[in-house]
Amino acid sequence: MFKELFNLALVQHTIRTATPLILAALGGLLTQQAGILNIGMEGMILLGAFFGVVGSYFFGSAFAGVALAAFIGLLIGLIFALFVIDLKSDEFVIGIAINIFAGGLIVFLLRSIFGVKGAFSSPDIIPLPRLSFPFITNIPLLNTIFNNHTIFIYISWIFVILTYIYLYKTPQGIWLRASGEYPKALETAGISPRKMKYISSMACGILCGLAGAHLSLGYLTLFTENMSANRGFIALAAIIFGKANPIGTFFAALLFGFFDALGTRLQVIGIPSQFTQMIPYLATIFALVIVTRRQMAKMKKDSEGVKSIES
């Protein structure tokens, strides 16, 4: 049984299930660095998944679906930024509102456009093509892990590196981080914190849209209500666990993707699905408990240090 569970196929499945988490988490950490907690990623992913299918179905192209998903994500990111940044609304409330809005809109559009409820599948939905590299085909280990994936998987890895370089090696990345930590100082330097926050929110929307498109066109070739399955919240947990650092967040998303893949494979050997579906969420709760304990220990240490200085 051990060999049936823990093999190269599990690694391959982990990579696929972690990809939407990686994309969404990269977007969420940009807003986090800009001082905004984006709870609305769940709705953005769900809308990206739906409109990815719409674009692929009506335009006969998976990349048209990806473009539409990214555009919808950008639009929702703009709406989120408008309410949070300009209208000074509570970011938590707006995020929850986006999630509720997305769920209701999807139900309405499924019935209005496709005349179905619950799920939509069709042979006219064009999936994202899978890539294979001939030079590693004859190497079983590399072939299983790195071949036969959609382009989004490879792009997500590249995005991790680019996001790290952007945040820590470019002036614009420093401005974005300063807009969350030291907005007044940034404004004194002649850079608009508002502009940087808008950029982070729009980028988050686009990346969440791409995460949704990967779900409906890359991971599966259909759409179901609730398809995002709380991945937006798990991505948020990955950001917290990875301390809003692209590299740390990437490995946290891989960890949550591993538990998701493990839960799916446990069903194959007869474990009830009601139990296996809990595994990713239990792992998320456990990770957040660890982070909370670390933060509490750090705060306690800092307070003791302050008291020793005062004394």
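**Close-up views of a predicted model**

**View 1. Asp260 and Arg231 join their side chains in a salt bridge, with N and O 3.7 Å apart.** Here a salt bridge is a side-chain nitrogen of Lys or Arg within 4 Å of a carboxyl oxygen of Asp or Glu. The pair links distant parts of the chain, 29 residues apart: Asp260 sits in helix 12 (residues 246-268) and Arg231 in helix 11. Helices (H or I, at least four residues) and strands (E, at least two) are DSSP runs, numbered from the N terminus. Arg231 counts as buried because its relative accessibility is 12%; buried means under 20% relative accessible area, exposed over 50%, and partly exposed in between (1.4 Å probe, protein chains only). A friendly note on what you are viewing: this is a predicted model, in which local features need pLDDT of at least 70 and side-chain atom pairs count only at pLDDT 80 or more, while totals for chains, interfaces and linings use all residues. Residues are numbered from 1 along each chain as its sequence is written, and side-chain values use heavy atoms, with hydrogens and water left out.

**View 2. Arg194 and Asp86 form a salt bridge, their closest N and O atoms 2.8 Å apart.** This pair also links distant parts of the chain, with Arg194 in helix 10 (residues 193-219) and Asp86 in helix 4, 108 residues apart. Arg194 is partly exposed, at a relative accessible area of 43%, and Asp86 is partly exposed too, at 30%. How many salt bridges does the rule give? The count comes to three.

**View 3. Glu225 meets Arg111 in a salt bridge, the closest N and O atoms lying 3.4 Å apart.** Glu225 belongs to the loop between strand 4 (223-224) and helix 11 (231-241), and Arg111 to helix 5, so the pair ties together parts that are 114 residues apart in sequence. With a relative accessible area of 28%, Glu225 is partly exposed. Arg111 counts as partly exposed as well, at 39%.

View 4. Asn99 counts as buried because its relative accessibility is 14%. Leaving aside neighbours within four places in sequence, Asn99 is in contact (heavy atoms within 4.5 Å) with Ile39, Gly40, Met41, Glu42, Gly43 and Phe233.

**View 5. Gln32 is found in helix 2 (residues 8-33).** At a relative accessible area of 30%, Gln32 is partly exposed. Its contacts, apart from neighbours within four places in sequence, are Leu37, Ile239 and Ala244. Gln32 and Arg177 are 145 residues apart in sequence, yet 8.8 Å apart in space, C-alpha to C-alpha.

View 6. A disulfide is a pair of cysteine sulfur atoms within 2.5 Å. Cys204 is in no disulfide, and its nearest cysteine sulfur, that of Cys208, is 4.0 Å away. Cys208 likewise is in no disulfide, with the sulfur of Cys204 as the nearest at 4.0 Å. Are these two residues buried or exposed? Cys204 counts as buried, at 0% relative accessibility, and Cys208 counts as buried, also at 0%.

**View 7. Phe71, Leu75, Ile79, Leu82, Phe83 and Leu87 form a nonpolar patch on the surface.** Together they have about 520 Å² of accessible area. Patches are made of residues with over 30% relative accessible area and no salt bridge; like charges are joined within 9 Å, and nonpolar side chains (Val, Leu, Ile, Met, Phe, Trp, Tyr) within 5 Å. Accessible areas come from the Shrake-Rupley method with a 1.4 Å probe, and for residues only the protein chains shown count as cover. Phe71 has its place in helix 4 (residues 62-86) and counts as partly exposed, at 47% relative accessibility.

**View 8. The whole protein has 14 helices and four strands.** Of its 311 residues, 45% count as buried. The accessible surface comes to about 15400 Å², and 69% of this belongs to carbon and sulfur atoms. Among contacts with a separation of 6 or more, 74% are between residues 24 or more positions apart.
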